[in-house]
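Hi,

Here is the structure I promised to send over. Have a look first, and then read on for what turned up.

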Protein chains: 2
Amino acid sequence: MAHKPWLQGVGLLVLCLLTRQTMTSAQQLAPNLLPIPAKLQTGTGSLRVDAAFSVALTGHSEPRLDRSVERFLHQLALQTALPLAAKPANTPKATLVIHTDHASKEVQELGEDESYVLEVTSTGAKLTAPTALGTMHGLQTFLQLVDVSTDGFAAPAVTIQDQPRFPWRGMMIDSARHFTPLEVIKRNLDGMEAVKMNVFHWHLSENQGFRMESKKFPKLHEMGSDGLFYTQDEVRDLIAYARDRGIRVVPEFDMPGHATAWFVGHPELASGKGPYEIERKWGIFDPAMDPTNERVYKLLDELIAEMAKVFPDHFFHIGGDEVNGKEWEANPKIQAFMKSHGIKNNEGLQAYFSERVQKLVTKHGKTVVGWDEVLVPGVPKDIVIQSWRGQASLAQAAKQGYRGILSNGYYLDLGWSAARHYAVDPMSGDAANLTPEEKQHILGGESCMWAEYVNAENIDSRIWPRNAAIAERFWSPEDVRDPASMYARLDFIGARLEWLGLTHKSYYHKMLQRIVGPASPQELSALRTLTDQVEPVKDYTREQTAPAQPTSATPLNRVVDAVPLESDAGRHFGELVDQYLASSCHDAAAEARLRTQLTAWRDNDAKLQALEQRSYLVKDVAATSQDLSALGAAGLAALDAIAKGQTASDAWKSQQLAVIEQAKKPKAQLLLTPAAGVQKLVEAASPGGACFAAKP
Amino acid sequence: MAHKPWLQGVGLLVLCLLTRQTMTSAQQLAPNLLPIPAKLQTGTGSLRVDAAFSVALTGHSEPRLDRSVERFLHQLALQTALPLAAKPANTPKATLVIHTDHASKEVQELGEDESYVLEVTSTGAKLTAPTALGTMHGLQTFLQLVDVSTDGFAAPAVTIQDQPRFPWRGMMIDSARHFTPLEVIKRNLDGMEAVKMNVFHWHLSENQGFRMESKKFPKLHEMGSDGLFYTQDEVRDLIAYARDRGIRVVPEFDMPGHATAWFVGHPELASGKGPYEIERKWGIFDPAMDPTNERVYKLLDELIAEMAKVFPDHFFHIGGDEVNGKEWEANPKIQAFMKSHGIKNNEGLQAYFSERVQKLVTKHGKTVVGWDEVLVPGVPKDIVIQSWRGQASLAQAAKQGYRGILSNGYYLDLGWSAARHYAVDPMSGDAANLTPEEKQHILGGESCMWAEYVNAENIDSRIWPRNAAIAERFWSPEDVRDPASMYARLDFIGARLEWLGLTHKSYYHKMLQRIVGPASPQELSALRTLTDQVEPVKDYTREQTAPAQPTSATPLNRVVDAVPLESDAGRHFGELVDQYLASSCHDAAAEARLRTQLTAWRDNDAKLQALEQRSYLVKDVAATSQDLSALGAAGLAALDAIAKGQTASDAWKSQQLAVIEQAKKPKAQLLLTPAAGVQKLVEAASPGGACFAAKP
């Protein structure tokens with residue numbers, strides 16, 4: 001599952017190339033839709049949505065459709081606060097008439113028809129779809145269309161013909177490193193439905209926990225989970241919940257590595273001597289299953305049989321990533337087996353293991369999904385590769401006839417901006433050069449929420465709203481890629497996701513409240529002035545930069561745990577600087593706004609001093625606070641120089657750049673987002689700078 | 001239940017007298033405790049609360065205690081984000097050792113011992129209590145003590161001996177006018193526990209709904225609730241939930257008036273001809289039970305028997321308020337009955353009815369509670385009067401030997417400030433002159449949340465945090481009454497209540513988001529600049545000022561539904577003005593802060609213009625927005641005049657006061673809270689004004 005560095009430059013380059021793309025017409029016409037539909041035509045006027053709003057279901061009927069309309073009505077009532085009927089009215093005169101043609105598969109299949117047509121006119125709306133899957137997607141589109149207007153709530157007249165670009169649009173949640181309570185998963189499934197994702201990949205076992213109840217091998221969850229596991233009944237309930245939202249559930253049991261928690265109750269599966277304990281630290285560890293031990297396959301055979309019954313999906317994920325081979329190398333029996341079987345190296349041994357496990361999965365009626373590492377010569381063609389390595393790896397697999405899904409570029413825990421994830425396309429890079437037939441093998445992608453630094457409190461904020469940008473990448477036509485449009489819609493739809501019960505916005509204030517304790521509103525506001533401008537360190541640098549070795553028991557209560565991974569305020573400051581510089585420093589309104597902001601920063605550190613003395617969690621960010629004030633002062637000095645119409649001196653410039661360099665250094669595992677913008681201002685005010693170059 | 005105006009001046013006068021009271025020592029020593037304990041002594045140092053924190057239960061044991069410690073640990077983990085053990089450790093070395101002496105009553109009784117002693121030292125904590133009730137209160141106190149400190153979380157060393165001032169500390173929720181979902185009630189019970197309230201009075205029937213399942217008379221809830229009712233199983237579950245939190249549940253079935261919803265399924269109970277429909281409007285209505293009809297008593301006998309089994313509490317509330325008598329007067333049979341029985345008027349008829357119903361309640365083993373109206377000559381001495389009329393009425397009852405609880409002054413729907421509620425004391429006014437024996441009859445009080453304008457979305461904000469101030473009135477010693485201390489603690493504890501799942505703070509942003517629709521962050525922020533400074537109209541003026549007759553189907557989505565009933569920002573502005581004027585206008589820092597705020601208001605209306613054109617919910621407050629800008633301009637003009645050192649002219653003063661008068665007029669059912677403060681500034685700047693009078 002790839003906790004490894006990668007080619008970080010590529011995504012950024014793609015982003016830069018796309019930033020100036022023009023919007024497609026759908027983007028211009030439907031500012032509030034996310035993902036943008038395949039085809040959209042605007043009509044005249046709008047459909048009023050008031051207390052008389054009603055829904056009728058026609059054509060194919062099934063209880064799931066009734067429930068989805070009930071949820072739709074509930075959601076619409078929340079969005080508008082209108083006292084709507086709780087159930088479909090089912091009169092032909094209903095405001096929204098739905099026609100579903102036929103049933104979808106009993107177990108949702110990859111590639112089922114998910115299309116729908118939605119027509120809204122000023123007198124009514126019609127939603128038609130071949131199957132319930134399309135109907136559910138269309139209902140979500142309708143919800144996004146409804147908004148406050150000049151005289152009530154309304155949906156604009158529009159005709160939408162929509163279907164997804166990719167059939168596999170997934171999100172993975174790692175419920176093993178930190179346990180994810182079921183209600184958290186449920187609200188995230190609600191969020192996935194809202195942005196038309198259709199696969200929930202559930203990472204259920206890890207070095208740090210085996211989270212699934214096994215009735216056959218209860219020691220797995222009883223000894224491997226600290227009591228934090230899902231019962232089979234709970235899982236069945238969750239699968240039904242997901243199916244009600246058009247979402248498949250693919251379980252992952254990661255093996256032969258990432259499996260320490262299995263060995264606490266079943267040390268006989270491991271290649272080392274044991275005993276084993278649940279791993280508390282993060283990283284890649286030595287313990288691995290023993291591929292030479294027949295007892296391993298016997299247990300896996302029965303376990304997969306058991307799990308294959310609980311999880312109806314046709315796919316079954318066996319992990320397969322990041323085995324360091326140390327236990328294998330240290331075990332003479334394993335070494336002897338390799339020699340006697342002509343297995344040359346650890347990769348060969350893992351290939352042997354994979355092949356055995358794949359046969360078991362196939363025997364129990366499922367298709368294997370695995371991380372890049374499972375793709376070794378000779379592996380059967382029906383497996384699906386989930387690539388953390390990237391499009392090149394995926395393209396290579398596709399050329400050999402293997403299906404694949406992209407996760408490289410969609411790791412939510414890396415702290416990338418929504419724009420950076422958005423710029424990653426499963427069909428770009430090497431994949432762009434595939435033949436049409438080969439391209440068919442690329443099924444889509446999955447965002448991944450690895451859980452070292454997330455818990456029930458902050459996980460939503462690590463997933464949303466950025467995950468919605470990724471969802472659009474998987475659903476919308478390839479040419480929908482304007483980041484400005486995406487951000488505008490993300491601001492709005494992102495906020496709306498809170499109506500579903502997601503807490504990615506509301507959590508923030510609560511976490512800050514904990515950090516400040518009994519502070520005055522002014523102090524809390526001063527902390528927020530600071531925290532709005534920082535982001536956690538990016539990629540996999542949190543462990544190296546941590547004040548102490550982080551473990552699963554490390555409290556996630558610091559500023560780095562509280563701030564969103566992407567700072568909206570930081571992005572807006574950067575845009576404001578660009579706007580000001582684009583005007584050759586003539587835009588007085590932009591200058592005034594910059595001054596207000598920079599002054600607030602300059603003066604902010606003083607306001608935090610007392611609080612730093614009272615709360616260790618505020619003290620943690622004392623140096624960052626000083627840096628922000630220094631950035632404020634530097635930015636103001638630059639604006640002053642520009643206002644005077646005098647180029648600042650080289651010495652001044654060096655001095656300011658030193659301040660900025662200092663501010664750019666991560667402290668308390670935080671990055672100050674305005675550093676780059678302030679640097680631009682300083683450079684613009686300096687000899688040869690943008691302001692003076694173009695000053696009339 | 002008293003939707004009537006009352007003596008509004010009294011509370012305010014009391015408030016003014018108290019504002020300058022000095023704090024008691026407990027208030028000074030325990031800034032974060034609410035309610036303030038009866039006795040508190042500070043020690044040296046503090047107890048560190050880290051991941052090793054543990055709890056042991058000794059003495060009397062019962063599952064409820066285990067559960068309360070589990071909730072305590074869960075809550076402490078939320079507060080600190082520490083990975084605490086989920087269960088009591090029960091080793092003698094535990095950080096917090098609890099000793100409970102004996103069991104409390106199986107059905108919680110009025111006046112049970114709720115005391116506890118909590119000792120915290122730098123090495124550990126000890127909580128001892130006679131019964132589980134005291135233990136639970138002590139755990140809540142401990143939670144309030146724990147806070148972020150210089151090097152982690154800690155509780156200050158302290159010794160607390162605590163018990164309540166009143167044995168009946170209640171909150172009533174009207175679940176009839178708007179249905180209250182169970183999860184909303186549960187989170188409010190959590191809030192009640194946090195501030196040591198011990199009675200949940202559940203108003204279950206009204207003209208607008210009969211919300212309780214009756215298996216004996218299913219037409220009551222089936223035809224009288226629009227399907228929004230509580231099943232008996234749900235109610236039993238809720239009662240157990242409340243008992244787990246030391247809270248009694250007293251049901252109210254309001255009769256003979258406020259009962260239209262009963263008559264939809266049972267028109268034979270009414271005094272009019274029928275047929276009846278569920279009432280959709282608010283107010284006092286004609287329908288009333290027929291006191292002369294034996295079928296009424298037969299049904300009530302069986303219904304009370306049924307409900308007496310579901311609700312174990314010893315008290316049973318029969319309402320009895322606000323019968324207008326019109327149906328009685330219009331019914332010849334009733335008039336004939338009155339004549340033949342020597343009943344002179346409607347009051348006499350109601351007394352006859354009350355007496356009959358009281359006998360039924362007594363027969364089924366319960367004690368009657370009723371609103372003031374049930375107190376008529378000859379009524380048995382064991383009934384409890386809930387007074388919406390006030391202390392005088394309560395004192396009169398006490399003199400006659402009747403027990404009473406005060407609700408006058410604690411109606412949460414009136415929109416009063418926390419300080420105004422806080423100033424109301426059950427023992428003040430006529431009650432202060434009672435003998436010690438008579439005073440014993442005053443059991444405490446109840447806050448009341450009437451539900452014309454609340455739903456699941458905004459109800460928490462109509463209850464909290466103000467209800468915590470009322471809770472302190474009922475628990476803490478009589479001399480704990482400094483509003484400044486109360487507000488300081490309310491700010492902090494109020495915010496903490498959100499950890500329990502209450503939404504009284506987080507709801508606000510969501511409601512504003514709905515109002516603005518897809519607006520820019522700047523626009524949303526401009527709306528908030530306005531809405532932070534307004535409060536809904538006070539007392540019972542919402543109906544008269546409504547743009548259209550409000551009903552139970554009126555969407556609660558306007559600004560008046562979204563803003564808190566008490567504006568914190570408005571209060572802070574008023575304090576800032578007072579601070580500035582108290583300095584004889586010399587406090588430069590205060591002046592600068594005033595200028596910043598007034599300037600933001602002056603410039604705010606322009607920022608809302610575009611939004612007003614897009615959203616009818618923003619347009620609704622267009623005039624209020626203009627008023628706020630006018631207030632900003634007037635305040636700035638006053639500061640300018642003061643800065644110049646010149647008294648502004650009388651003509652100028654009249655002009656500004658006219659602007660302020662205009663701003664004081666409610667619009668969109670909103671009051672602009674800064675109007676009074678700006679008026680003070682204008683007057684201070686005018687001939688004879690405070691600034692010039694004292695200017696050196």
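Which domains does the domain assignment of chain A give? There are three entries: domain 1 covers 39–162, domain 2 is made of 198–232 + 255–380, and domain 3 runs over 506–693. Before going further, please keep in mind that this is a predicted model.

**Between domains 2 and 3**

Take domain 2 and domain 3 of chain A: their C-alpha centres are 45 Å apart. They do touch, with four residues of domain 2 of chain A in contact with six residues of domain 3 of chain A. On the domain 2 side of that contact you'll find one nonpolar, one polar and two charged residues.

**How the two chains sit together**

As for the contact itself, 32 residues of chain A meet 33 residues of chain B. On the chain A side, the elements giving two or more residues are α3 (63–80), β6 (147–149), α18 (483–496), α19 (506–516) and α26 (616–619). The biggest giver is α19(A), with five residues. By class, the chain A side splits into 15 nonpolar, eleven polar and six charged residues.

**One helix to look at: α9(A)**

Helix α9 of chain A (residues 294–310) has 17 residues and spans 25 Å from first C-alpha to last, close to the 24 Å expected at 1.5 Å a residue. Which of its residues are buried? They are Val296(A), Leu299(A), Leu300(A), Ile304(A) and Met307(A). Looking down the axis of α9(A), the buried residues fall within an arc of 130°, so they line one face of the helix. Among the elements of chain A that cover them are β12 (248–255) and α12 (346–363).

Cheers

How values were computed
Residues numbered from 1 in each chain as written. Chains lettered and ligands numbered in written order. Predicted model: local features only at pLDDT ≥ 70, side-chain atom pairs only at ≥ 80, totals over all residues. Domains from an automatic or database assignment. Contact = placed C-beta atoms within 7 Å. Nonpolar A, V, L, I, M, F, W, Y, C, P; charged D, E, K, R; others polar. Helix = DSSP H or I, 4+ residues; strand = E, 2+ residues; numbered from the N terminus. Expected span 1.5 Å × (residues − 1). Buried ≥ 20, exposed ≤ 12 C-beta atoms within 10 Å, placed from the backbone. Arc of directions from axis to C-beta.
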